[in-house]
Amino acid sequence: KDQNAKTWVEGGAAKESLGEGMEVLYAFIRQRSIYSKTMSVIELTFLSKVEVRDIHMTSIDVKQMEVRKFDRIPVLHAHQPATANLHIDFKGSERKLKFSIGTTDRTYPVSLAPKAGDLLKSHPMSISAFDTARKRLTGMQETSFMTSNANSAEDLAAKITKFVDIAVLTLSPASPKLFRLSAHHRHDPSQLVLISVDGASGGNFNVTINCDDMLFSGSLKDYLHKAIGK
């Protein structure tokens, strides 16, 4: 798989109207940052009803994040979109990045916040390594939810990959109906996030999340449950 291939994250796009007929659409994309493995890539798409010059990023409120600004856009022609990439290491936090987008004569305040799924990176591993890690991450490090919004456990596992950059592991002959998915925190590869999907009674499916960070696992649970539906 091409590590530089662009993949849109389902539900990961948001639009902000900047005023004066200009707007920006931002989306987290699964593309490796040219600056750091810990950085997320956010694609910004600008569109305006009138010509705008010298679009740039300014007044960045970093708050312990690492940011690589997008390249200046000399001219944005009317009704012709222009794109630029912003690279951010959120340090595992869902806090907002606040900054301003400037032009030759105006400045527009903008805030950008990642969802829990945007902070993860696919982490392929063996079934045995997954099961060993899962046994370690129990108790307060485990949370789960139920959903019936899928045709099968396989279908549900595929849906999860639309919202989270996560690897679906090969099925084990010993548990052919259990789907295992694995990822790690983008800012710290040693912090694993494991998701297990299996069938339950009445057409329901159980999604279990095991993670070192109890607060993050709760946030990821809420995000996935809302994204997938009940």
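**Figure 1. Aspartate 155 lies in helix α2, which covers residues 153-163.** The model shown is predicted; local features are described where pLDDT is at least 70 and side-chain atom pairs where it is 80 or more, whereas totals for chains, interfaces and linings use all residues. Residues are numbered from 1 along each chain as its sequence is written, and side-chain values use heavy atoms, with hydrogens and water left out. Helices (DSSP H or I, at least four residues) and strands (DSSP E, at least two) are numbered from the N terminus. Aspartate 155 has a relative accessibility of 23% and is therefore partly exposed; a residue is buried under 20% relative accessible area, exposed over 50%, and partly exposed in between, for a 1.4 Å probe and protein chains only. Along the chain, 42 residues separate aspartate 155 from valine 197, and their C-alpha atoms are 10.0 Å apart.

**Figure 2. Arginine 186 occupies the loop between strands β13 (179-185) and β14 (188-199).** With a relative accessible area of 12%, arginine 186 is buried. Beyond its neighbours within four places in sequence, arginine 186 makes contact (heavy atoms within 4.5 Å) with residues that include Lys37, Thr38, Met39 and Ser40. Asp118, Leu119, Leu120, Lys121 and Asp165 are also among its contacts.

**Figure 3. The second largest pocket is lined by 12 residues.** A pocket is an open set of points on a 1 Å grid over the protein atoms alone, with protein on both sides within 12 Å along at least five of seven lines; a cavity is a set of points where a 1.4 Å probe fits but cannot get out, and lining residues have an atom within 4 Å of a point. Arg32, Lys37, Lys121, His184 and Arg186 lie nearest the centre of this pocket. Its volume is about 210 Å³, a volume being the space filled by probe spheres set on points joined across faces, edges and corners. Of the lining residues, 2 are nonpolar, 6 polar and 4 charged; Asp, Glu, Lys and Arg count as charged, Ala, Val, Leu, Ile, Met, Phe, Trp, Tyr, Cys and Pro as nonpolar, and the others, Gly among them, as polar.

**Figure 4. Arg186 also belongs to the lining of the second largest cavity.**

**Figure 5. The largest nonpolar core contains 53 residues.** Such a core is a set of buried Ala, Val, Leu, Ile, Met, Phe, Trp, Tyr and Cys residues joined through side-chain atoms within 4.5 Å. Ile195, Leu220 and Leu224 have the most contacts inside the core. Leucine 220 touches Ala116, Gly117, Leu120, Val164, Val193, Ile195 and Ile209, when residues up to four places away in sequence are not counted. Another core, of 8 residues, lies apart from the largest one and has Met125, Phe130, Ala167 and Leu192 among its members. In soluble globular proteins, nonpolar side chains tend to be buried together.

**Figure 6. Threonine 45 is part of strand β3 (residues 40-48).** Leaving out residues up to four places away in sequence, threonine 45 touches Glu23, Val24 and Leu25, together with Pro81, Ala82 and Thr83. Aspartate 131 is 86 residues from threonine 45 in sequence, and the two C-alpha atoms are 42 Å apart.

Figure 7. Most residues other than glycine have a negative phi. Serine 59, in strand β4 (residues 52-61), has a phi near 50 degrees. Serine 59 is exposed because its relative accessible area is 53%. Histidine 79 lies in the loop between β6 (73-76) and β7 (82-89), and its phi is about 60 degrees. Histidine 79 is likewise exposed, with a relative accessible area of 60%.

**Figure 8. Valine 62 sits in the loop between β4 and β5 (66-68).** Its relative accessible area is 29%, so valine 62 is partly exposed. Valine 62 and phenylalanine 99 are 37 residues apart in sequence, with 8.4 Å between their C-alpha atoms.
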